[in-house]
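I opened this entry to keep track of what I looked up, going from strand pairing to the aromatic rings.

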Amino acid sequence: MFFSFFASAQTDSFYLLKPDRVFDGEAMHNGWIVLVHNNKIEAAGDMNFKLPANTRVIELKGTTLLPGLIEGHSHLFLHPYNEVSWNDQVLHESRAERTARAVVHAHSTLLAGFTTVRDLGTEGAMYDDVGLKTAIEKGIVPGPRMIVATRAIVAKGAYGPKYDNADIELPQGAAETGNSNELANEVRTQISKGADLIKIYADYRIGKNGDAAATFTVDELKAAVAIAKSSGREVVIHATTVEGMRRGIEAGVFTIEHGDGGTEQVFQLMKEKGVALCPTLAAADAVLQYKGWKKGIDPEPEQIANKKRSFAAALKSGVTICMGGDVGVFSHGDNAREMEMMVQYGMKPIDALRSATSVNADVFGYKNEIGRIKKDLFADIIAVSGDPSTDIKNIRNVVFVMKDGKIYREVQKVQ
Ligand SMILES: [Zn+2]
């Protein structure tokens, strides 16, 4: 099972964490302290705890304590496209190289305070996310908890890499399926290989002019959802078009990634059906800059203006908004970029903090394990200097990282 705890503690360990304030995943509490027992949170509040004799007290003056952050949309097997293009990563980097990179990425992610990632596709690295997750759980390499998709599923011919030569078939960055039998088979295969969820591209750039168009029919998506759900798993879709989003909503998916073309109406429908949006604001922002846009100097590209409009519509509709930046397109460890952009695009800082903690935990189905500072949840706890609810940039000032009761980062002097 996910989150299995392999290393058994020899003796009971207790930590008392004393920050200035605690964000518990929902609200800010001044003067709270937190007691950790082994790998679980024992107590949190402003009361005077009866401390066990061997408690180690950690003074975290000037800091805000938060639940370990949850990255909602990562690709640990990718690195920024301005270093190597996506095509070249898929075609020119061996799986051994990509795994070695992913190990480094996992460590950077953890040190940045992200103690869980929902990794939405290995992009050509097959089921290697499952192996990485296992290695982290066994304590071989440090990294976040991983919720993995293995390979994304795409319609035959819809994805990449591609040559402008119809005679050549290249290895693909995702699993291609050409009919409903292949789709069903692929979902079952991924489940057997260790996928925690199924990721499907509901649309992609297969329109006659290279524009995005829906790829799977509602019935195909429904069948995939039914197979996944019967095993206790959910389906997440990539969709940028209203049509792709509508089909996914009708089929019963649990989150929609990107949603660039989303209207208030379609976000309203998502809200009604309990489908969450993961807007990935940072991805487009990064890619456009790689293509030459000088942010802050050049005029704003149409794509950014559209994204701002659709994010404003999403906020207005009240749809549940996850925090996930499509990190991998930009540097692992820079995950906070998405939280900053959510605030720049109109979200309150406290809501961005909620998205990255309790909201992601609830939406992804892990509310009894992670995402809150609450008794009996896993001791995934971070501290940042300053207060990120007044200035979201403070979320980058990570001075303490604990995952599963183990300390991975501890800066001795805070300010
Ligand atoms: Zn992605």
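In which sense do strand 6 and strand 7 pair, and over how many bridges? In this predicted model, I found that strand 7 (residues 114-119) pairs with strand 6 in the parallel sense, over 4 bridges. Within that pairing I noted leucine 69 opposite phenylalanine 114 of strand 7.

I then looked up the whole sheet, which is open, has 3 strands in the order 6-7-8 and is paired in parallel. Strand 6 (69-74) and strand 8 (145-148) are at the edges with a single partner strand each, so one side of each has no neighbour in the sheet. Neighbouring strands here are turned against each other by 20 degrees on average, direction ignored. Helix 3 (residues 128-137) lies across strand 7 and strand 8, and I recorded that it runs at about 160 degrees to strand 8.

Next I turned to the rings, where the count comes to 5 aromatic pairs. Tyrosine 159 belongs to the loop between strand 9 (153-155) and strand 10 (175-177), while tyrosine 201 is in strand 11 (residues 198-201), so the pair ties together parts 42 residues apart in sequence. The rings of tyrosine 201 and tyrosine 204 have centres 5.5 Å apart and planes at 80 degrees, so that pair is edge-to-face. I also noted that Trp86, Tyr159, Tyr201 and Tyr204 form one aromatic cluster.

Last, I checked charges over rings: the charged end of arginine 145 sits over the ring of phenylalanine 378, 4.2 Å from its centre.

Key: Residues are numbered from 1 along each chain as its sequence is written. This is a predicted model: local features need pLDDT of at least 70, side-chain atom pairs count only at pLDDT 80 or more; totals for chains, interfaces and linings use all residues. Side-chain values use heavy atoms; hydrogens and water are left out. Two strands pair if DSSP finds at least two bridges between them. Helices (H or I, at least four residues) and strands (E, at least two) are DSSP runs, numbered from the N terminus. Axes are lines fitted to C-alpha atoms, for helices over the stretch in contact, and angles run from 0 to 180 degrees between N-to-C directions. Contact means heavy atoms within 4.5 Å. Rings of Phe, Tyr and Trp (its six-membered ring) pair if their centres lie within 6.5 Å; planes under 30 degrees apart count as stacked, over 60 as edge-to-face and the rest as tilted. A charge sits over a ring if NZ of Lys or CZ of Arg is within 6 Å of the ring centre and within 35 degrees of the ring normal.
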